[in-house]
Amino acid sequence: MVMTCARVRELASGFVLGALEPEEMIAVQDHLDGCAEPHPEVDELGGVLPYIAQSLAPVEPPAWLRESVIEAAKADLAGSRRMAMATTSAPAGAVNAAPAPHLVAVARSSRTRVVPFSAFAARHRRALAWTSRAAAALLVVSLAGYAFVVQNDLNTARSQSTANPYGVIGPNTRVAKLSPSDASSQAAGLAVLQPSGHVFVQVNHLDATSGDQVYMVWVTADHGVTSKIGWFTVDSSGTAQMDFTNVPNSASLWLFICKEPNSNVATPGAVYLGGTISL
Amino acid sequence: MAVPPRTVTPVGSSEDQSESELMRQVAAGEIGGLETLYDRYHSMAYALALRITTETGLAEDVVQDSFLGLWRNAGRYAQERGSVRGWLLAIVRHRAIDALRRQRASVALGEEPDDALPSMLTLPDIWPEVAGRLDGESVRRAILLLPPAQRDVIELAYFDGLTQREIAERTGAPLGTVKSRMRLGLVALRVQLTGQYDDSLPPTPSANGKKGRA
């Protein structure tokens, strides 16, 4: 879509409100990014927006939200420090910890269908809040931070990838180690986000399921919405491999597995394994 | 018609510098800075998230997500581009509308929210010298002074996240009318808040292309 300065001026009000059609929003932004001419109208009109929000009467959120925000920030900080340590400590040949911007574009272009979640969110918003707090409380670590600590797991996965149909780990994949919430558990796993948007999950040392029991796989995207992407059962081997395609696009995904009495559960139970995939 | 200032506070401003220092702390990973910013803006952020999402649980998630976004992107904050308050509220609105859109329909979504905040979120606050003397009541009165049709269009876009086309469908007004109302409403609101008209503002997209005034 060709965009002239005059056209941008016409569209400025819709642009600052985010009310243009998506292709127009992109075209205006591209023009502003590359145009040598000043466009003060965008700043002038857009500058009004914070005052619209200011017209609202303040509303006090629940007190626990402050602690939740701060704890999540602390966990984030811990992850960043681990990342810095991994960057300086990773041995030669370790997984590339640098962000892969091209992967963002690939993931976005896959346009995966978001699991319909409105009803779930409406009925179980308490659970959403719970998952947010749980996400903050559990180990939330960027993938890059794992570059060093999961090297052994990755080497294992690489050796296995030659024998599986997924080509699990490659140059454009992102990996997260899945750790048990119970420190005494031997359960472990890997989640691999592939450029196609698929997530491959491999787990080991899980308790066998029986009857209707399943392991349900949930993801919480970075906007806080949690959805289940599938379930699996485990025999006495304690291992399973899965490939999920209905994964929401997100800059980061907290993937966690819960053992459930059946596959019809609507809210997550106790977290069995979990980890964060970050771009 | 300009709204006379109701609350006059010193401009200039120790609070701006304080915000700058707080953002420096946050960018340096100092939790205390985030705590102070949360204490200062949480009720405004939550009010906006709740107004957009209309669900307490979702609004709580949006607020948490937004403060984390601020925490992770503090190094990209540019003081000359506006206040921390404006920046944070833009993040809250962006994420709340995104959550709202996801809730609305089980349609395939393209662009996803991430920590790489859209550059349009860095639109500056207008006129810091004005911000210091505007309180919520002044802004509410300025908005109420807008013609209802213009106010409705702006609120449908700002709080409900509707596009101009969606607004036209919902209100039954022609798309061109919606665009005109949106532009005129924003220009009028700017004039209400500042008492100034700026010739740099875009012309009304009308057939004869003449520059319009609010």
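These legends walk through several close-up views of a predicted model.

In this predicted model, local features need pLDDT of at least 70 and side-chain atom pairs count only at pLDDT 80 or more, while totals for chains, interfaces and linings use all residues. Residues are numbered from 1 along each chain as its sequence is written, chains are lettered from A and ligands numbered from 1 in the order in which they are written, and side-chain values use heavy atoms, with hydrogens and water left out.

**View 1. Chain A as a whole.** Chain A has 10 helices and eight strands; helices (H or I, at least four residues) and strands (E, at least two) are DSSP runs, numbered from the N terminus. Of its 279 residues, 52% are buried, where buried means under 20% relative accessible area, exposed over 50%, and partly exposed in between (1.4 Å probe, protein chains only). Among contacts (heavy atoms within 4.5 Å) with a separation of 6 or more, 65% join residues 24 or more positions apart.

**View 2. Helix H2 of chain A and its neighbour.** Helix H2 covers residues 22-34, and its end C-alpha atoms lie 19 Å apart, which agrees with the 18 Å that its 13 residues should span at 1.5 Å a residue. That expected span is 1.5 Å times one less than the number of residues. Which helix do the buried residues of H2(A) pack against? They pack against helix H1 (5-16) of chain A. Buried residues in H2(A) include A:Met25, A:Val28 and A:Gln29.

**View 3. A glycine in a loop.** A:Gly197 sits in the loop between strand E2 (188-193) and strand E3 (199-204) of chain A. Is A:Gly197 buried or exposed? A:Gly197 is buried, with a relative accessible area of 5%. Leaving aside residues up to four places away in sequence, A:Gly197 touches A:Phe244 and A:Val247. The C-alpha atoms of A:Gly197 and A:Asn246 are 8.5 Å apart, although 49 residues separate the two along the chain.

**View 4. Cysteines.** The structure holds zero disulfides over all chains, a disulfide being a pair of cysteine sulfur atoms within 2.5 Å. A:Cys5 is in no disulfide, and the nearest cysteine sulfur, that of A:Cys35, is 3.5 Å away. A:Cys258 is buried, with a relative accessible area of 0%.

**View 5. Confidence along the chain.** The mean pLDDT (the predictor's confidence in each residue, from 0 to 100) of chain A is 68. Over residues 85-167 of chain A, pLDDT is below 50. Where pLDDT is low, the predicted coordinates should not be read in detail.
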